[in-house]
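Colleague: I'd like to go through the labels on this model with you. Could you set each one against its definition?

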Amino acid sequence: MMEHFYVYFGNEKVGGVQVVRQGLYYRFVCRCKLAGDVLCRLQVTCGDKCENLGIVVPMEGTFGLETKLPVKRLGEGNMEFLLLPKHEKKAERFIPICPEEPFAYIARLKEAYLSRKDGQVGIVLNGKI
C-alpha cells in the first residue's frame, strides 16, 4: 500500500514523499522544490524514532531522493518528513537519571549516550522526543 506525506522545510510545505512497504523495508521516493543554495537532508520521524534518509539531490528539475530503510529501524505509525540543512545537528535532549524514579525512555537506550550536565548524570537522546 502506498502512502503520501508532505515534506516540510521549517513551516513551509516544499514537496512530498511516497512511502511503500516492500516486505521488511520501506521504500521512500521524495521530490521537493528548493532554491538549491543549501544542501539539505531528509529526516523521517515515526513515533519516538527519527532517521536520516540522506541528502536530496537535483533530479528531474526538482530535488529528490530515493532510498529504502528496514521497517524495524522506524516502526509503524504516522510519519513526518522534514528537510534540514546538512550542517544542522539533530536536536538533542538531556534526560536526567534518578534512581528513585521510573525511567520513561528505556526503549530508546540503544540510540542514547551517557552524559553529565550540571553535576547530574543522565542520557542524551537525538531527534524528536
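Colleague: What makes Cys46 count as buried?

Modeller: Buried means under 20% relative accessible area, exposed over 50%, and partly exposed in between, with a 1.4 Å probe and protein chains only. Cys46 has 4% relative accessibility, so Cys46 counts as buried. Cys50, at 9%, counts as buried too. This is a predicted model, where local features need pLDDT of at least 70 and side-chain atom pairs count only at pLDDT 80 or more, while totals for chains, interfaces and linings use all residues. Residues are numbered from 1 along each chain as its sequence is written, and side-chain values use heavy atoms, leaving out hydrogens and water.

Colleague: Which residues is Met79 in contact with, leaving aside neighbours within four places in sequence?

Modeller: Contact means heavy atoms within 4.5 Å. On that basis Met79 touches Phe5, Val19, Tyr26, Phe28, Val44, Thr45, Cys46 and Leu74. Met79 is also among the residues with the most contacts inside the largest nonpolar core, which has 23 residues. Such a core is a set of buried Ala, Val, Leu, Ile, Met, Phe, Trp, Tyr and Cys residues joined through side-chain atoms within 4.5 Å.
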